[in-house]
Amino acid sequence: MAKKKSIFQRIRNIFLLLFFLLILAVGGLFAAVHFEVLDQAAVEEKLQWANEKVGLYKLPLLGYGGAFEYFQVPEGVIWPEPEPEPEPEPEPVEVAAKPATPSPAPEPPKKSKDVKISQKELEAQAAAREAAEKKRISKLARIYDNMKPEEAAKALDSVNLDTTVSILQKMDESNAGKILAKMEPQLAAQITQIMMDGNRRSL
C-alpha cells in the first residue's frame with residue numbers, strides 16, 4: 001500500500017510541476033508581449049493557431065472562463081458542448097383488434113328422402129323372392145333324392161313342416177313315399193293331409 005501511495009504522489013507531483021511550468025511559460029510570454037520584448041502580432045497569431053489546433057480554450061484556467069483573452073472559443077465552435085437531448089420514447093402503436101369473423105351456422109341435418117315404391121316394384125320383388133325360394137327348394141329336393149330314406153326322414157324331422165312339404169313335393173314320387181314311410185305315423189299323416197289339400201302354411 002505504501003509503495004502505491006508513493007507512486008501516485010510522484011505522478012501527481014510531476015503533473016503539478018508540468019502545469020506550473022506551463023503557466024510560467026504562458027505568463028512569461030504574455031509579459032514579453034506586454035513589455036514589447038516580442039512582436040505582439042506574431043505572438044497573437046501563434047497563440048490563436050495553438051488555441052485552435054491544441055484546444056487550449058478547453059483548459060479551465062486558460063480558456064473558457066479563464067483570465068486570458070487569447071484563448072477564447074474559436075468562431076464556429078460550440079464550447080462547452082451541449083448535452084445531447086434524450087431521444088423521445090416511441091409512442092405506443094395501437095393495434096386495431098381484428099373483427100371476430102362469425103363462425104358459419106351449422107347446416108341443418110338433411111332429411112332422409114321418403115322412398116316410395118310402386119305396386120309394380122313390390123310385385124317384382126315378391127316374384128324375385130319366390131323364384132329364389134323355388135330354386136333353393138329344388139336344390140334341397142335333389143339332395144334328399146340322393147339320400148337313404150332313413151337318413152332323409154331323420155333330417156326332415158327337425159325341419160319346418162311347410163319346408164318339408166315343399167321339399168317332398170319337388171322330389172321324385174317314389175323317393176318321397178319311401179321317406180314318408182320312415183317318418184313317425186302322426187307326422188307323415190300331417191304332411192300327407194297338407195299335400196292333399198294343396199295348402200301351405202305361411203312361414
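This is a predicted model: local features need pLDDT of at least 70, side-chain atom pairs count only at pLDDT 80 or more; totals for chains, interfaces and linings use all residues.
Biologist: Switching to packing. How do helix 5 and helix 7 cross?
Modeller: The axes of helix 5 (residues 161-170) and helix 7 (residues 185-197) come within 10 Å, crossing at roughly 65°. That makes helix 5 roughly perpendicular to helix 7, since angles of 65 to 115 degrees count that way.

Biologist: Left-handed or right-handed?
Modeller: Right-handed, as helix 5 passes helix 7.

Biologist: Which residues meet there?
Modeller: From helix 5 you have Leu161, Thr164, Val165, Leu168 and Gln169. They meet Leu187, Gln190, Ile191, Ile194 and Met195 in helix 7.

Biologist: What about helix 3 and helix 5?
Modeller: Helix 3 (residues 119-145) and helix 5 have axes that come within 8 Å and cross at roughly 70°, so these two helices are roughly perpendicular to each other. On the helix 3 side, the contact is made by Ile137, Ser138, Leu140, Ala141 and Tyr144. Helix 5 brings Thr163, Ser166, Ile167 and Lys170.

Biologist: New topic: how many salt bridges does the structure hold?
Modeller: There are 2. One of them joins the side chains of Lys134 and Glu130, at 3.7 Å from N to O.

Biologist: How far apart are Lys134 and Glu130 in helix 3?
Modeller: They are 4 residues apart, which means about one helical turn separates them.

Biologist: Last one. At what angle do helix 4 and helix 6 pack?
Modeller: About 65°, with the axes of helix 4 (residues 149-156) and helix 6 (residues 173-182) 8 Å apart. Helix 4 is therefore roughly perpendicular to helix 6, and the crossing is right-handed. Pro149, Glu150, Ala152, Ala153 and Leu156 in helix 4 meet Lys178, Ile179 and Lys182 in helix 6.

Notes
Residues are numbered from 1 along each chain as its sequence is written. Side-chain values use heavy atoms; hydrogens and water are left out. Axes are lines fitted to C-alpha atoms, for helices over the stretch in contact, and angles run from 0 to 180 degrees between N-to-C directions. Angles under 35 degrees count as roughly parallel, over 145 as roughly antiparallel, 65 to 115 as roughly perpendicular and the rest as oblique. A crossing is left-handed if the near helix is turned anticlockwise from the far one by less than a right angle, and right-handed if clockwise. Contact means heavy atoms within 4.5 Å. A salt bridge is a side-chain nitrogen of Lys or Arg within 4 Å of a carboxyl oxygen of Asp or Glu.
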